[in-house]
Amino acid sequence: ELMVGEFSSGEPISLRTLARRLGTSAMPVREAVNRLIAEQALQMMPNRQVIVPFMSRHKFEELWRVRQMLESMAAEGAVAHLDDGVMDELEHLHMRSMDALLQAAPRPILSTNKDFHFRLYQASRSEVLLPMIEGLWMQMGPFMRLSLEAKTARWDGTHHVEMLQALRARDAIAVSRAVHQDISS
């Protein structure tokens with residue numbers, strides 16, 4: 001939910017509410033929240049309240065640049081492991097993204113976009129990059145939603161089409177460039 005903008009910057013996180021929502025006790029939620037604090041996806045305030053962190057411009061730009069590097073690298077690595085099944089999944093996920101975009105509902109757009117990207121990155125079979133990319137998405141999720149709600153938002157799936165074309169051509173450089181541009185948009 002952090003990755004797809006379900007929480008807003010500064011939003012307080014209640015362990016009891018999360019436990020109830022997830023249908024579990026507070027103990028596993030507390031452990032998960034502590035891990036998310038360690039990964040900088042959540043923040044513990046001096047009064048012990050847990051919130052979704054606020055984002056500075058500097059941190060946003062740094063996360064954006066690191067995402068471009070790591071995700072481009074993962075996409076490049078995926079080219080060597082592509083098969084028809086993965087391509088079919090990516091094309092299906094892209095179509096779901098386009099359907100969500102037509103509905104103009106932020107959650108489905110962000111959710112299908114995440115599914116598309118992570119299916120591509122999983123194809124790289126990298127044990128190192130995927131957890132790093134996940135951590136970046138958890139930190140960026142609340143702000144990705146804001147970007148969709150902005151009147152200047154320009155995401156239209158064009159770069160997903162470019163990724164798919166480059167993947168079909170097994171052009172790792174073009175895939176990397178399309179991912180880089182997608183993150184920039």
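Tutor: Contact here means heavy atoms within 4.5 Å. The model is predicted.

Student: Which residues does His-159 touch, not counting residues up to four places away in sequence?

Tutor: Ala-178, Gln-181, Asp-182 and Ser-185. Each counts as touching His-159 because contact requires heavy atoms within 4.5 Å. His-159 itself has its place in helix 7, residues 158-168.

Student: Why does His-159 count as buried?

Tutor: Its relative accessibility is 17%. Buried means under 20%, so His-159 is called buried.

Student: What makes Arg-107 and Glu-6 a salt bridge?

Tutor: The closest N and O atoms of the pair are 3.0 Å apart. The cut-off is 4 Å between a side-chain nitrogen of Lys or Arg and a carboxyl oxygen of Asp or Glu, so the pair of Arg-107 and Glu-6 qualifies.

Student: What does that pair tie together?

Tutor: Arg-107 lies in helix 5 (residues 106-122), and Glu-6 lies in the segment before strand 1 (12-13).

Student: Why is Arg-107 called partly exposed?

Tutor: Arg-107 has 36% relative accessibility.

Student: What makes Arg-96, Lys-114 and Asp-115 one network?

Tutor: The side chains of Lys-114 and Asp-115 meet in a salt bridge at 3.3 Å, N to O. Salt bridges that share partners join Arg-96, Lys-114 and Asp-115. In the whole structure, the search finds nine salt bridges.

Student: How do you know that strand 2 and strand 3 pair?

Tutor: Two bridges link strand 2 with strand 3 (residues 50-51), in the antiparallel sense. Pairing requires at least two bridges, so strand 2 and strand 3 count as paired. Met-44 has Val-50 in strand 3 as its bridge partner.

Student: Why are strand 1 and strand 2 called edge strands?

Tutor: The open sheet has three strands in the order 1-3-2, with antiparallel pairing. Strand 1 and strand 2 (43-44) each pair on one side only.

Methods: Residues are numbered from 1 along each chain as its sequence is written. This is a predicted model: local features need pLDDT of at least 70, side-chain atom pairs count only at pLDDT 80 or more; totals for chains, interfaces and linings use all residues. Side-chain values use heavy atoms; hydrogens and water are left out. Helices (H or I, at least four residues) and strands (E, at least two) are DSSP runs, numbered from the N terminus. Buried means under 20% relative accessible area, exposed over 50%, partly exposed in between (1.4 Å probe, protein chains only).
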